[in-house]
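Work through these exercises with the model open. Try each task before reading its solution.

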Amino acid sequence: MRSEIRLGQGKMSREYIFRGKSKETGKWVYGSFLKFHGFQIFDYTLNAWVSVDGHTIGQYTGVSDDRGNMIYEGDWITNPNNPYIGVGIVYFAQGAYYIRFTENNILPLNRIHSFWSEIMVVGNIIDENEGD
């Protein structure tokens, strides 16, 4: 789903895509989000509303990694060319997306390509916590 927002004379387009885990199957679904009788995502591939676990919902950040994977809130990303940087988690705060590596090492996600030569999604907090 593409939403268009007009700002003054110009235009700004952004995709508003959410993901969440289906309560029925436990699999990720992607689409439009609605909070009505619980949490629902309209899955574009199924062409149907799917009830999802509210704790698993994350929004697409508008940024993709170098392999073309869309980066969502809660994803873990790293720079495969620099093993010393570690893995950071993507989160939303104060109107923007950030990557937190440590308490004092936070980078703005929308500028990550100017800091790193390569970024890669390596997992997410939801799937990791389910494995515990």
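A nonpolar core is a set of buried Ala, Val, Leu, Ile, Met, Phe, Trp, Tyr and Cys residues joined through side-chain atoms within 4.5 Å. Buried means under 20% relative accessible area, exposed means over 50%, and partly exposed lies in between (1.4 Å probe, protein chains only).

The model is predicted: local features need pLDDT of at least 70, side-chain atom pairs count only at pLDDT 80 or more, and totals for chains, interfaces and linings use all residues. Residues are numbered from 1 along each chain as its sequence is written, and side-chain values use heavy atoms, with hydrogens and water left out.

**Exercise 1. Find the largest nonpolar core and the residues with the most contacts inside it.**

Solution. 
- Step 1: Count the members. The largest core has 13 residues.
- Step 2: Pick out those with the most contacts inside it. They are Ile-71, Ile-77, Val-90, Ile-99, Leu-109 and Ile-112.
- Step 3: Strand β11 (residues 96-102) does, with 3 residues. Strands (E, at least two residues) and helices (H or I, at least four) are DSSP runs, numbered from the N terminus.
- Step 4: List the contacts of Leu-109, where contact means heavy atoms within 4.5 Å. Setting aside residues up to four places away in sequence, Leu-109 touches Thr-61, Val-63, Ile-71, Ile-77, Val-90, Tyr-97, Tyr-98 and Ile-99.
- Step 5: Look for another core. One of 5 residues lies apart, and includes Phe-18, Val-29, Val-50 and Val-52.

In soluble globular proteins, nonpolar side chains tend to be buried together.

**Exercise 2. Describe the pair formed by Tyr-30 and Tyr-72.**

Solution. 
- Step 1: Apply the rule. Rings of Phe, Tyr and Trp (its six-membered ring) pair if their centres lie within 6.5 Å; planes under 30 degrees apart count as stacked, over 60 as edge-to-face and the rest as tilted.
- Step 2: Read the geometry. The centres are 5.7 Å apart and the planes make 55°, so the pair is tilted under the rule.
- Step 3: Tyr-30 is in strand β4 (residues 28-35) and Tyr-72 in strand β8 (residues 70-72), 42 residues apart.
- Step 4: Tyr-30 is partly exposed at 35% relative accessible area, whereas Tyr-72 is buried at 3%.
- Step 5: Widen the view. The structure holds 8 aromatic pairs. Phe-18, Phe-33 and Phe-39 form one aromatic cluster.

**Exercise 3. How many salt bridges are there, and what do they join?**

Solution. 
- Step 1: Set the rule. A salt bridge is a side-chain nitrogen of Lys or Arg within 4 Å of a carboxyl oxygen of Asp or Glu. The count is 3.
- Step 2: Take Asp-75 and Arg-19, which meet at 2.6 Å, N to O. Asp-75 lies in strand β9 and Arg-19 in strand β3 (residues 18-21), so the bridge ties together parts 56 residues apart in sequence. Both Asp-75 and Arg-19 are buried.
- Step 3: Take Lys-21 and Asp-127, with closest N and O atoms 2.6 Å apart. Lys-21 is in strand β3 and Asp-127 in helix α2 (residues 125-130), so this bridge ties together parts 106 residues apart in sequence. Lys-21 is buried at 8% relative accessible area, while Asp-127 is partly exposed at 33%.
- Step 4: Take Arg-67 and Asp-65, which meet at 3.8 Å, N to O. Arg-67 is exposed at 51% relative accessibility; Asp-65 is buried at 5%.

Technical notes
Contact means heavy atoms within 4.5 Å.
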